[in-house]
Amino acid sequence: MTGIGFPLSGSTLVTGPSNAGKTRTTAAAIEAWLDREGTEGVVVLDFAPEIELDGTVLGGRLDRFISVPESVWVGRIDASAPRAESETAEQAVALARENARRAERQIDALPENPRAVFVNDATIPFQHDAAAVSRLTGYCDRADVAVLNAFDSDELGVDDPVSRAERDALDRLRRWADRIVDLS
């Protein structure tokens, strides 16, 4: 154990609603891995949007909790929060599609041989096409450890295209992960 509540081996999915501690937990896992194993082969993908809604910050980047060393491969996108930033389902779908496009570029650039993969807000790229999550999980399967976090709540909607795709992506991640840490 690492003091973070789960072993740093295999695949772990950290879930919960907004502000439950998913990003902080993922940052703690990165820090524990770096302390134990160093930076070689470490990959960090940060897909989190960060917006304020009704006085509450939704999402949040890992750099709020950890300074990732420059020798670590980091892929970030300038993500939108489709449901929170849209007035219509069509606008939300368009933002989700743009998130997917941006994330695809980062996934295309991933290093060949990861030892450890950490993903913040893993469902953001798949709110448009949940089936594409298999590309990310396939990459994570090549590493010794993968820690991903994902939003799990109906607070932003349930019956719109983005919410349905996100739930599908989350279900796929749940079936894939060796363990699930639920912070609800």
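This is a predicted model: local features need pLDDT of at least 70, side-chain atom pairs count only at pLDDT 80 or more; totals for chains, interfaces and linings use all residues.

Author: Residues are numbered from 1 along each chain as its sequence is written, and side-chain values use heavy atoms, with hydrogens and water left out.

Reader: Why is Serine 80 called buried?

Author: Buried means under 20% relative accessible area, exposed over 50%, and partly exposed in between, with a 1.4 Å probe and protein chains only. Serine 80 has a relative accessible area of 11%, so it counts as buried.

Reader: Where does Serine 80 lie, and what does it touch?

Author: Serine 80 is in the loop between strand S5 (73–76) and helix H2 (82–85). Helices (H or I, at least four residues) and strands (E, at least two) are DSSP runs, numbered from the N terminus. Leaving aside residues up to four places away in sequence, Serine 80 touches Pro49, Glu85, Leu95, Asn99, Arg102 and Ile124; contact means heavy atoms within 4.5 Å.

Reader: What span is expected for helix H3 (residues 89–108)?

Author: The expected span is 1.5 Å times one less than the number of residues. H3 has 20 residues, and its 28 Å from first C-alpha to last is close to the expected 28 Å.

Reader: What puts the buried residues of H3 on the same side?

Author: Ala92, Val93, Ala96, Asn99, Ala100, Ala103 and Ile107 are buried in H3. They cover an arc of only 120° around the axis, which puts them on the same side of H3; the arc is that of the directions from the helix axis to the C-beta atoms. On the other side of H3, Glu90 and Asp108 are exposed. The buried residues of H3 pack against H2, H4 and H5.

Reader: How many cavities of 30 Å³ or more does the rule count?

Author: The count is 1. On a 1 Å grid over the protein atoms alone, a cavity is a set of points where a 1.4 Å probe fits but cannot get out. Points are joined across faces, edges and corners, and a volume is the space filled by probe spheres set on the points. The largest cavity has a volume of about 30 Å³.

Reader: Which residues line the largest cavity?

Author: Lining residues have an atom within 4 Å of a point. For the largest cavity they are Val44, Asp46, Leu62, Asp63, Val68, Val74 and Arg76. S2 and S5 each supply at least two residues of this lining.

Definitions and conventions. On a 1 Å grid over the protein atoms alone, a cavity is a set of points where a 1.4 Å probe fits but cannot get out, and a pocket is an open set with protein on both sides within 12 Å along at least five of seven lines; lining residues have an atom within 4 Å of a point.
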